[in-house]
Amino acid sequence: MAQINDVDSGDSFTTMLEEIRTKLIFQVVGEMVETEAELHHSHRQFSKAGLETCLKKCKDETLFETIEVFKKDVDQRSTILKQKSRELPEVISEIEEKSLMKESLIQKIERLKTEHAKNSDLIVAQNKANKDRLKNLHKAKQVFQDCLKLEIRKIQGEKLQFVFRNLDHRDPESAYTFILMISNEGVYQIESCSPPLECMPQLEQNLKKTNNFSAFLANVRKEFKALIPEK
């Protein structure tokens, strides 16, 4: 009987050891699971912190690169601006010079317009005066040609030769001549006279003042006639 109790006691002890062993195993396993969970959590936190650090570092590096690029751009723009600032006075001077040239050109054009208008008026007046002179010449020609045997010849372009005859009754065909032209300004000019008359310059001046060509021809004829000796 005592032996049976010993056996039972041994079994109870064994059972108790198994229970203790099982508890210890569960406890150890539980601790291991908790430790693994903690390690896993710590690893996740570490990985997250490392990732955030890396991202921040990348952002910082990108920001630094952006700042450097911006700084280089600012330096480049500053250099260009300084260059433009140095060139600005020259550009302003060139603009002012061109403006003065433009103003001078405008004034010159206005002067040319004014001169052209004056010249046009002068040409019109001269043409009118020349027409009047030619009309007077034609009238004088008719009078002197019909009455006094005056011959008018056109020679050397615009020059006219006046030939007086019938001055000397002893030699009616003897010729007394002078050559006249009208200048571009519409002024009478005596080029030659044969035989020469000392008073021709004075007669020419009177013609320019009075524009009376008939009187001029009468005076020239009179002076030619005065050269003929009386016999």
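Phe178 has a relative accessible area of 0% in this predicted model, and because buried means under 20% relative accessible area, Phe178 counts as buried. Phe162 also stands at 0% relative accessibility and is therefore buried.

These two residues bring us to the aromatic rings. A pair of aromatic rings is described by the distance of the centres and the angle of the planes. For Phe162 and Phe178, the centres lie 4.8 Å apart and the planes are 5 degrees from each other, and the pair is stacked. Phe162 belongs to strand β2 (residues 159-164) and Phe178 to strand β3 (residues 176-182), so that this pair, whose members are 16 residues apart, links distant parts of the chain.

Phe162 has a further ring partner in Phe213: here the centres are 5.5 Å apart and the planes meet at 45 degrees, so this pair is tilted. Since Phe162 sits in strand β2 while Phe213 sits in helix α3 (residues 213-226), the pair ties together parts that are 51 residues apart in sequence. Phe213, with a relative accessibility of 1%, is likewise counted as buried.

The structure contains eight aromatic pairs, and ring pairs join Phe162, Phe164, Tyr176, Phe178, Tyr188, Phe213, Phe216 and Phe224 into a cluster. Phe162, Phe178 and Phe213, whose pairs were followed above, are among the members of this cluster.

Methods. Residues numbered from 1 in each chain as written. Predicted model: local features only at pLDDT ≥ 70, side-chain atom pairs only at ≥ 80, totals over all residues. Heavy atoms only, no water. Phe/Tyr/Trp six-rings, centres within 6.5 Å; stacked < 30°, edge-to-face > 60°. Helix = DSSP H or I, 4+ residues; strand = E, 2+ residues; numbered from the N terminus. Buried < 20%, exposed > 50% of the residue type's maximum accessible area, 1.4 Å probe, protein only.
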